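The following note concerns the overall build of the model and the contacts made by its aromatic rings. Please read the points with the structure open.

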Amino acid sequence: RCKNLSVSFWNSYWMLPSDVCGMNCFWEAAFRYDYVKTHPSEKMHLAVVACGERLEETVTMLRSAIIFSIRPLHFHIFAEDQLHESFKNILDEFPYEGKVNYTLYPITFPTESAAEWKKLFKPCASQRLFLPLILKNVDSLLYVDTDILFLRPVDDIWSFLGKFNSTQIAAMAPEHEEPRIGWYNRFARHPYYGVTGINSGVMLMNMTRIRRKYFKNDMTPVQLQWGEILMPLLKKYKLNITWGDQDLLNIMFFHNPESLYVFPCQWNYRPDHCIYGSNCKAAEEEGIFILHGNRGVYHDDKQPTFRAVYEAIKNYSFGDDLVHSLLQPLELELQKTMHTYCGRVYKVFIKQLTKSIRDLYARRSKGR
């Protein structure tokens, strides 16, 4: 059930301003959980799917979302049953001024195909495809992978919803900026969006529009709704897809390109943006807004620049001074990574972070 994180925060610095045939029975179990019904302009909804050893990584992502965001957040956490108690114990201890709510959900797939969906790509990753059907009372949602770190307020990516035109239902970033190192344009055996495909690790959704839309496809001349198209797509392409649900999304938006809003690479910055030389020009100019440590780089020594940011946010204690306890120690660690390609451009990792901290302190000052 929904839990309010209402423990009073001891540090005044942190006082922020204020249906598809055959599937109904399956979703019934998920609907026993209460949802907080709010207008999307009043509260931002963020969803994540955590399985296996992803507890710590997910918590670190949630911490990064809390640090800088202005408006209230509601976390929708889909996790294996054995992780629920750990999530509850940790989140209930987060000191915050009642600005964060969370709901824990089980991992649930359509009964007749649950095993197939669960093993697609990474464990449980395809759960994200079913969020519009599960969270029926949520109008808009930001889905992120567990290995995401926010370096500026969630409010800022949430504002892209207001930039959607009348046909757009979701927003994602390109899979690559440089086609010469692109995966989809060199290796994909299925249709994909645009020149280099899209990455679904950060996916902003107008779920009301998703639920209403009829999608063009290459399986039938009849357009299908979201819940109708998923299994036929999987059956047709399961021998040709490598990246699971992300590939299915690429196929969907290949046939419905007018439905996608594409945001710049600094909103989903991955190792591919720097390991072969810097190729995200927007990040060079403005810094990284959202860091995506895919391929496990937060937990090995292959990309120490990414790991340094992760460790800094994981170890930061709410209420400590952000400059002395986060920013300065992080910059020192990043300077030690200059022997790597990503380390050579380490300043893009702290450029926006520095601004986010400055803006946060400015808001606090005005709030006093």
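1. A residue is called buried here when its relative accessible area is under 20%. By that criterion, 59% of the 368 residues of the chain are buried. The model is a predicted one, and the values below should be read accordingly.

2. As to overall build, the chain contains 15 helices and 12 strands.

3. The whole structure holds 18 aromatic pairs. One of them joins tryptophan 183 to tryptophan 243 in an edge-to-face arrangement, with 5.5 Å between the centres and 70° between the planes.

4. Is tryptophan 243 buried or partly exposed? Tryptophan 243 counts as partly exposed because its relative accessibility is 30%, and that class covers the range between 20% and 50%.

5. Ring pairs also connect a cluster made up of Phe160, Phe164, Tyr261, Phe263, Trp267 and Phe289. Phenylalanine 289 has a further contact: the charged end of arginine 152 sits over its ring, 4.2 Å from the ring centre.

6. A charge is placed over a ring at phenylalanine 215 as well, where the charged end of lysine 213 sits 5.5 Å from the centre of the ring.

Technical notes. Residues numbered from 1 in each chain as written. Predicted model: local features only at pLDDT ≥ 70, side-chain atom pairs only at ≥ 80, totals over all residues. Heavy atoms only, no water. Helix = DSSP H or I, 4+ residues; strand = E, 2+ residues; numbered from the N terminus. Buried < 20%, exposed > 50% of the residue type's maximum accessible area, 1.4 Å probe, protein only. Phe/Tyr/Trp six-rings, centres within 6.5 Å; stacked < 30°, edge-to-face > 60°. Lys NZ or Arg CZ within 6 Å of the ring centre and 35° of its normal.
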